[in-house]
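I set out to look up a few features of this model and to record them in order.

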Amino acid sequence: MAFTRSLSISVLSPVSLTPNTAQRFFNLHIPHASSQLSPNPPHHKTAPVIIIGGGLAGLSAATRLHSENISFILLEASDAVGGRVRTDNVDGFLLDRGFQIFITAYPEAQKLLNYDELNLHKFYSGARIFYDGQFHTVADPLRHFSDSILSLANPIGSVLDKLLIALTRIRVLGKSNDEILGASEVPTIELLSNIGFSDSIINKFFRPFFGGIFFDKELETTSRLFDFIFKCLALGDNTLPAKGIGEIPKQLAEKLPSGSIFLNSKVVSVDFDDSDLPTVRLENGEILGGELGVIMAVEEPVIEEILAGRRLPNQRKPARSTVCLYFSADRDKIPVSDPVLFLNGSGKGIVNNMFFATNVAQSYGPMDKALVSVSLIGLFEDASDDGLLEEVIGELSGWFGASMVGEWRHLRTYRIEFAQPNQCPPTDLAKNPQLGPGLYLCGDYMTSATFDGAMLSGRKAAEALLGDRALARL
Ligand SMILES: Cc1cc2nc3c(=O)[nH]c(=O)nc-3n(C[C@H](O)[C@H](O)[C@H](O)COP(=O)(O)OP(=O)(O)OC[C@H]3O[C@@H](n4cnc5c(N)ncnc54)[C@H](O)[C@@H]3O)c2cc1C
């Protein structure tokens, strides 16, 4: 039977625990196997809680359950954990699946991750903007004071614009994250013009910079997300883990109990059949029931597929997409050695931003090589990979010279259709995780579409389940 229960919120009565049920629910007798990960779907195995999806949200939910010693199994459809946050090793180059940066000030991440173990490498705090055939630097005055003084006179924005950036910083630092995510909202572009920023700085800096973060060139994304990211950027550094962005979910997975994560385990439906609690059906026919509940940590569009066509209350808007192209180059065949992000402020062409990943962390490539990462906003469905490659090479030849760019070797192109959910107003960035009896949701669409939002939503879903079952003091 498909999902036929009402989606209204209901609070379940707490479970009373006998010694036997306690043994089942809590991680009391888990044998110490060598790995958390099983490459095959579970066979005749179940656990009190079933988590569907091994991205940051699912792993964070698992971490919270584990902190209360609640036993769970996590089912991941693909061949590794991480979801959208994965890194491929290609010829000794670490290719993150799309341009991603980790901001150290993310509040939930600070609670969950061990930054020392991630060995984070910093970007330059600012950017180099290609405009009118030249590069212009914008710099954070608190971190690169002399660069920022020099940049006062550049054509990217007026002195007033730079003062308004400082005032925006003071404004967001004066608010809590909850206040920011629940504040009244407008599209980011409207916020920027309400603040008084000139068209020049909006088009040359904010559009490529925040457009690149939201995958939204029009800057229609909610001002709540702009303020949240702006605050995190003010408080922390932009970084990359030495071994690639995929180390972040890997670190979370490594701290979970052995044998708790099942890879290649695609869930096809979540049903209520004849029971009060949801059952989970895998692609291989296996049916699992979580005695305490099920946490769905899949991408927003997948939920409706799994819930047999049931629509979520909010109508979805078109998702955000990106294309990322990687090139290898000889170390002496790149124009700079600093870890700076280049932005396209020219208003022309298809490249939005690019950087030399090995300048941020040399471990992203072999010793004598440089890794070039180029990002476009959108999916470019009508263009072939070869066509895009040719256009990108042509465009960057205009930036750095054809003799240099002509020697770069294309490594791989990633087309990422679902990079982020669309978070244009109206948004609800504090959605209730409970969807039905014993059924909880988490994922970046529940809060802010960031690493941090995904992790926060995972914790909240786990806490909603624990709270309903009176299993933890929250
Ligand atoms: C290119 C790119 C760049 C980004 N850059 C940044 C950035 O710089 N900073 C930032 O904060 N955020 C960034 N983000 C956003 C961030 O990556 C996401 O918000 C976050 O990773 C979402 O995590 P999640 O767990 O909600 O979803 P996902 O990572 O999508 O995880 C969902 C998981 O569910 C699994 N799954 C799906 N269907 C099933 C099924 N039927 N059965 C079992 N498992 C299933 C999937 O395989 C996946 O592992 C970026 C995203 C992309 C794509």
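**Ligand shell**

I sorted the shell around the ligand by residue class and found 18 nonpolar, 12 polar and five charged residues. I note that the model is a predicted one.

I then looked up the extent of this shell: 35 residues surround the ligand, and the closest are Gly 53, Gly 55, Gly 83, Gly 98 and Thr 450. Next I asked which elements give two or more residues to the shell. They are helix 2 (56-67), helix 12 (300-306), strand 20 (409-420) and helix 16 (451-468).

**Domains**

I looked up the domain assignment of the protein chain, which gives three entries:

- Domain 1 covers 19-83 + 247-315 + 428-468.
- Domain 2 covers 87-121 + 240-245 + 320-420.
- Domain 3 covers 124-236.

I returned to the ligand with these bounds and found that domain 1 and domain 2 each give at least three residues to its shell. For domain 1 and domain 3, I recorded a separation of 37 Å between their centres, taken over C-alpha atoms.

**Helix 6 and helix 10**

I examined the pair formed by helix 6 (residues 159-173) and helix 10 (residues 223-235), whose axes come within 9 Å and cross at roughly 100°. Angles of 65 to 115 degrees count as roughly perpendicular, so helix 6 is roughly perpendicular to helix 10. I listed the residues that make the contact: helix 6 contributes Thr 168, Arg 169, Val 172 and Leu 173, and helix 10 contributes Asp 227, Phe 230, Lys 231 and Ala 234. By class, I recorded four nonpolar, one polar and three charged residues in this contact.

**Overall dimensions**

I recorded 16 helices and 22 strands for the protein chain. Its C-alpha atoms fill a box of roughly 70 × 45 × 40 Å along the principal axes. I checked the radius of gyration against the value for a compact globule: with 474 residues such a globule would have a radius near 23 Å, and the protein chain agrees because its own radius is 23 Å.

**Backbone details**

I looked for a cis peptide bond and recorded the one from Pro 425 to Pro 426, with omega near 0°. Pro 426 is found in the loop between strand 20 and strand 21 (434-436).

I also noted Asn 119, a residue other than glycine with a positive phi, near 50°. I placed Asn 119 in the loop that runs between helix 4 (115-118) and strand 7 (120-122).

Note on methods
Residues are numbered from 1 along each chain as its sequence is written. This is a predicted model: local features need pLDDT of at least 70, side-chain atom pairs count only at pLDDT 80 or more; totals for chains, interfaces and linings use all residues. A residue is near a molecule or strand if its C-beta atom, placed from the backbone, lies within 6 Å of it. Helices (H or I, at least four residues) and strands (E, at least two) are DSSP runs, numbered from the N terminus. Ala, Val, Leu, Ile, Met, Phe, Trp, Tyr, Cys and Pro count as nonpolar, Asp, Glu, Lys and Arg as charged, and the others, Gly among them, as polar. Domain bounds come from an automatic or database domain assignment. Axes are lines fitted to C-alpha atoms, for helices over the stretch in contact, and angles run from 0 to 180 degrees between N-to-C directions. Angles under 35 degrees count as roughly parallel, over 145 as roughly antiparallel, 65 to 115 as roughly perpendicular and the rest as oblique. Two residues are in contact if their C-beta atoms, placed from the backbone, lie within 7 Å. The radius of gyration is taken over C-alpha atoms; the globule rule is 2.2 Å times the number of residues to the power 0.38.
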